[in-house]
Amino acid sequence: MLVLLFGGTGMVGQGVLRECLLDPRVEKVLSIGRSATGRQHAKLEEANIRDFDALDLAAYDACFFCLGVSAAGMSEDSYRRVTYDMTLDVARKLVSPRMTFIYVSGAGTDSTERGRTMWARVKGATENALLALPFKGAYIFRPAVIQPLHGIKSRTTLYRVLYTITRPLLPLLKRAFPRFVTTTEQIGRAMIEVAANGAPKAILETEDINRF
Ligand SMILES: NC(=O)c1ccc[n+]([C@@H]2O[C@H](COP(=O)([O-])OP(=O)(O)OC[C@H]3O[C@@H](n4cnc5c(N)ncnc54)[C@H](OP(=O)(O)O)[C@@H]3O)[C@@H](O)[C@H]2O)c1
């Protein structure tokens, strides 16, 4: 499987990249971003997102889209430009009958696109637009709390502080509330499995992710 990865420098993306490099089903990963992952591996190639339009990506089988920002302190327009516009720009260019597109959204997303919570509306609109594109498969991952494993850290200061404070609690929380807590490792493994074999439904909540 040839994999495209967006957001490979982030907390979720680093976890997904780790699992891709470990899994023999993944032959190659092309990480596309505005900064380098800092990793060296025989299976890993990198490209700058500025060059995206010029890349020949017809041979790729799956896109793991882990690029995203926290809405904290952002206007709806700015949040929508990164969350909806960037994601759909990429997705529309990749759409093909051989491509599986997996988007990292979040728990509590608003599929009606009309609720009161700005981030949930925008993510809901993004999910709906992706699911309407004629991919081989389009899947939405909606994690709630994510335990970063293997030394992985968030690029978002707010999340980094929160996860540092709650680090000792997360394994306990995960045991007590398995429906609400997943890990960077489980997300990565689930993405590879869904890209390889599909999933029974298009929107996967934490408990679905944890079943893989
Ligand atoms: N962390 C959580 O607990 C959690 C829970 C539920 C859902 N999610 C969702 O998961 C997704 C990823 O979150 P994360 O925790 O991995 O975030 P993160 O650690 O802050 O990483 C964000 C990633 O997106 C990239 N990015 C952000 N803005 C960009 C832009 N304008 N152009 C190019 N790349 C950009 C960053 O690249 P740079 O390295 O270049 O900045 C980085 O690779 C988000 O959509 C988030 O809502 C996260």
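View 1. At Gly68, a backbone N or O atom lies 3.3 Å from an oxygen atom of the ligand, while at Thr156 a polar side-chain atom lies 2.4 Å from an oxygen atom of the ligand. Of the 890 Å² of accessible area that the ligand has on its own, the protein covers 90%; such areas come from the Shrake-Rupley method with a 1.4 Å probe, and for residues only the protein chains shown count as cover. The model is predicted, so that local features need pLDDT of at least 70 and side-chain atom pairs count only at pLDDT 80 or more, whereas totals for chains, interfaces and linings use all residues. Residues are numbered from 1 along each chain as its sequence is written, and side-chain values use heavy atoms, with hydrogens and water left out.

**View 2. The shell of residues around the ligand.** Among the 23 residues around the ligand, those that come nearest are Thr9, Ser35, Lys123, Thr156 and Tyr163, a residue being near a molecule or strand if one of its heavy atoms lies within 4 Å of it. The shell is made up of twelve nonpolar, eight polar and three charged residues; here Ala, Val, Leu, Ile, Met, Phe, Trp, Tyr, Cys and Pro count as nonpolar, Asp, Glu, Lys and Arg as charged, and the others, Gly among them, as polar. At least two residues of the shell are supplied by each of α1 (11-22) and α4 (157-166), where helices (H or I, at least four residues) and strands (E, at least two) are DSSP runs numbered from the N terminus.

**View 3. Arg18 in helix α1.** Helix α1 holds Arg18, which is partly exposed at a relative accessible area of 24%, since buried means under 20%, exposed over 50% and partly exposed in between (1.4 Å probe, protein chains only). Arg18 and Arg39 are 21 residues apart along the chain, and their C-alpha atoms are separated by 9.7 Å.

View 4. Glu113 is found in the loop between β5 and α3, where Glu113 counts as partly exposed at 34% relative accessibility. Although Glu113 is not a glycine, this residue has a positive phi of about 65°. Most residues other than glycine have a negative phi.

**View 5. His150 in the loop between β7 and α4.** His150 is found between β7 (145-147) and α4, in the loop there, and is partly exposed, with a relative accessible area of 44%. His150, although not a glycine, has a positive phi of about 60°.

View 6. Trp119 has its place in helix α3 (residues 118-131) and is partly exposed, its relative accessible area being 30%. The C-alpha atoms of Trp119 and Val69 are separated by 10.0 Å, although these residues are 50 residues apart along the chain. Pro134 lies in the loop between α3 and β6 (137-142), and at 59% relative accessibility Pro134 counts as exposed. Between Pro134 and Glu193, which are 59 residues apart in sequence, the separation in space is 20 Å, C-alpha to C-alpha.

**View 7. Met191 in helix α6.** The place of Met191 is within helix α6 (residues 184-197), and Met191 is buried, with a relative accessible area of 0%. Met191 and Ile102 are 7.2 Å apart in space, C-alpha to C-alpha, and 89 residues apart in sequence.

Terms used: A polar contact is a pair of N or O atoms within 3.5 Å; within protein, one must be able to donate a hydrogen and the other to accept it, and residues adjacent in sequence count only if both atoms are side-chain atoms.
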